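The following exercises are to be worked through with the structure in view. Each task is followed by a solution in steps.

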Amino acid sequence: MKRTMSIVFGMLVLNSAIALADSVVPVDVSFQNWNIKGNFDYTLHYINSSQVLSKISMPQNQNMSILTTKVKTNDESYINIRYGSTAFENKGAGSDSDWQNPGSSTITDYGTMNFNGKQKMYSIDFGTKVLEDERNNTSIFIGWGENTTDNALTNVIYHLESGINVGNVPQSDNGSYLNGTFSGLRLGAETRYKINEKLTLNGGLTTSFLTAKANGHWGNHSPAWDWTDSGDTFGYNMNIGLKYVFTRNTLAEIGYYYSYAKMTNGSETLNYNNGISDKFSGIGLEYKQRGYYFGLNAKL
């Protein structure tokens, strides 16, 4: 499936490049601000069990700036390139929980901490129109996208260790982190419905075939360890919004978006600083973004 999609993707890239070389094309540029509310969560399960052994919950609450360039290769087709990034800032307070007793739902270790870092995304899509009339304009697209998240642990405080309530035990900021990447092919559709001469309703839906990866360093345990996780999953995102025309070449937009991906059966290699390594299965990685956005569009 992925091989077939890669071939189709390559053909669309080639056809679009040829069309661009033969014509002068219009360009739409938009700048958006996304108010992100979300999470990036890691889970480790007991072998052949649905019971969770360890879970790290990391909030992803930030503002992301998005720059999008849409180039029409001809009357029917286009290339859409998007890049977004947050500042390196606090994302909110999260937690680290462990259930060290098999068959028990009692948490044995628990700590709270702040997560600091960036989120970034980029995508390139090649689309073509499939429906157009006086009010409707619908297209489909295929492309590639990637979302990354960096999460450094700060202000770590453990409250429960090996089932014993230890109160509030602070730990030094020692370089612990857990980063993630979700990348892969995208298939989607977007539509515009013209309400009147000034106002347009926009919507989109994308399904992604993703490779999920995570890498982390945990210095809050002895011995400290490093690990890598990987696996495949599906993801999707959707958006709905309104665009208002100020002038022929200037528009404003506001809307809501939702993005979600969850890997439930990944693998992990854990390397301890004493030279010992372990391998695990049943690793889960969940990445969710949602929130409102607003922006400005200019037609060049």
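Contact means heavy atoms within 4.5 Å. This is a predicted model, in which local features need pLDDT of at least 70, side-chain atom pairs count only at pLDDT 80 or more, and totals for chains, interfaces and linings use all residues. Residues are numbered from 1 along each chain as its sequence is written, and side-chain values use heavy atoms, with hydrogens and water left out.

**Exercise 1.** Determine where Asp150 is found and which residues Asp150 touches.

Step 1. Asp150 belongs to the loop between β8 (136–149) and β9 (152–161); strands are DSSP runs (E, at least two residues), numbered from the N terminus.

Step 2. Leaving aside residues up to four places away in sequence, Asp150 touches Lys91, Asn116, Gly117, Lys118, Leu178 and Asn179.

Step 3. Asp150 has a relative accessible area of 33% and is therefore partly exposed (buried is under 20%, exposed over 50%, partly exposed in between; 1.4 Å probe, protein chains only).

**Exercise 2.** Classify the ring pair of Tyr256 and Tyr292.

Step 1. Rings of Phe, Tyr and Trp (its six-membered ring) pair if their centres lie within 6.5 Å; planes under 30 degrees apart count as stacked, over 60 as edge-to-face and the rest as tilted. This rule gives 13 aromatic pairs.

Step 2. One of them joins Tyr244 and Phe246, which is edge-to-face because the planes stand at 75°, with centres 5.3 Å apart.

Step 3. For Tyr256 and Tyr292, the centres are 5.3 Å apart and the planes at 65°, so this pair is edge-to-face.

Step 4. Tyr256 lies in strand β14 (residues 250–272) and Tyr292 in strand β15 (residues 277–299), 36 residues apart.

Methods
Helices (H or I, at least four residues) and strands (E, at least two) are DSSP runs, numbered from the N terminus.
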